[in-house]
Amino acid sequence: MKGGRFWRIVSAGVMVMLAGAELILINTILVLGNAVYYATSFERFVEGCMYYVAGAVALAVGWDLLESACREVR
């Protein structure tokens, strides 16, 4: 495998993981700031949880990209 491809996969993985972490961080700030808003309705609670799930999925996809890049090097 060429070195350029490895670094493209690694940078994509890192960017996806950073996006996932940003989703989780921003949602935590929003939920803590508007706790009454999210606690008054089940639909709002689910809305708040969706961003955590999206962030967790982005972290998992980024981790998988990093693992696949490392696997190809070996």
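Which residues make a nonpolar surface patch of about 420 Å²? In this predicted model, the patch is formed by Phe42, Phe45, Val46 and Met50. Phe45 belongs to helix H3, which spans residues 42-73, and has a relative accessible area of 45%, so that this residue is classed as partly exposed. Phe42, by contrast, reaches a relative accessibility of 61% and therefore counts as exposed, the cut-off for that class being over 50%.

The aromatic side chains were examined next. A pair of aromatic rings is described by the distance of the centres and the angle of the planes, and on this basis the count comes to 3 aromatic pairs. One of them is formed by Tyr37 and Tyr38, whose rings are 5.1 Å apart from centre to centre, with 85° between the planes, an arrangement that is edge-to-face. Tyr37 is partly exposed at 38% relative accessibility, whereas Tyr38, with a relative accessible area of 12%, is buried. The rings of Phe42 and Phe45, for their part, have centres 6.4 Å apart and planes at 35°, and the pair is therefore tilted. Because Phe42 and Phe45 are 3 residues apart in helix H3, about one helical turn separates them; both residues also contribute to the nonpolar patch described above.

Side chains of opposite charge can pair when their charged atoms come close, and the structure holds 2 salt bridges. In one of these, the side chains of Arg5 and Glu72 meet with an N to O distance of 2.9 Å. Since Arg5 lies in helix H1 (residues 3-33) and Glu72 in helix H3, the pair ties together parts that are 67 residues apart in sequence. Arg5 has a relative accessibility of 41% and counts as partly exposed, and Glu72, with a relative accessible area of 35%, is likewise partly exposed.

A salt bridge is also formed by the side chains of Glu67 and Arg71, here with an N to O distance of 4.0 Å. Glu67 and Arg71 are 4 residues apart in helix H3, so the separation between them is about one helical turn. Glu67 is partly exposed, its relative accessible area being 37%, and Arg71 is assigned to the partly exposed class at 48% relative accessibility.

Notes. Residues numbered from 1 in each chain as written. Predicted model: local features only at pLDDT ≥ 70, side-chain atom pairs only at ≥ 80, totals over all residues. Heavy atoms only, no water. Patch = residues over 30% accessible without salt bridge, like charges linked within 9 Å, V, L, I, M, F, W, Y side chains within 5 Å. Areas by Shrake-Rupley, 256 points an atom, 1.4 Å probe, with all protein chains shown as cover. Helix = DSSP H or I, 4+ residues; strand = E, 2+ residues; numbered from the N terminus. Buried < 20%, exposed > 50% of the residue type's maximum accessible area, 1.4 Å probe, protein only. Phe/Tyr/Trp six-rings, centres within 6.5 Å; stacked < 30°, edge-to-face > 60°.
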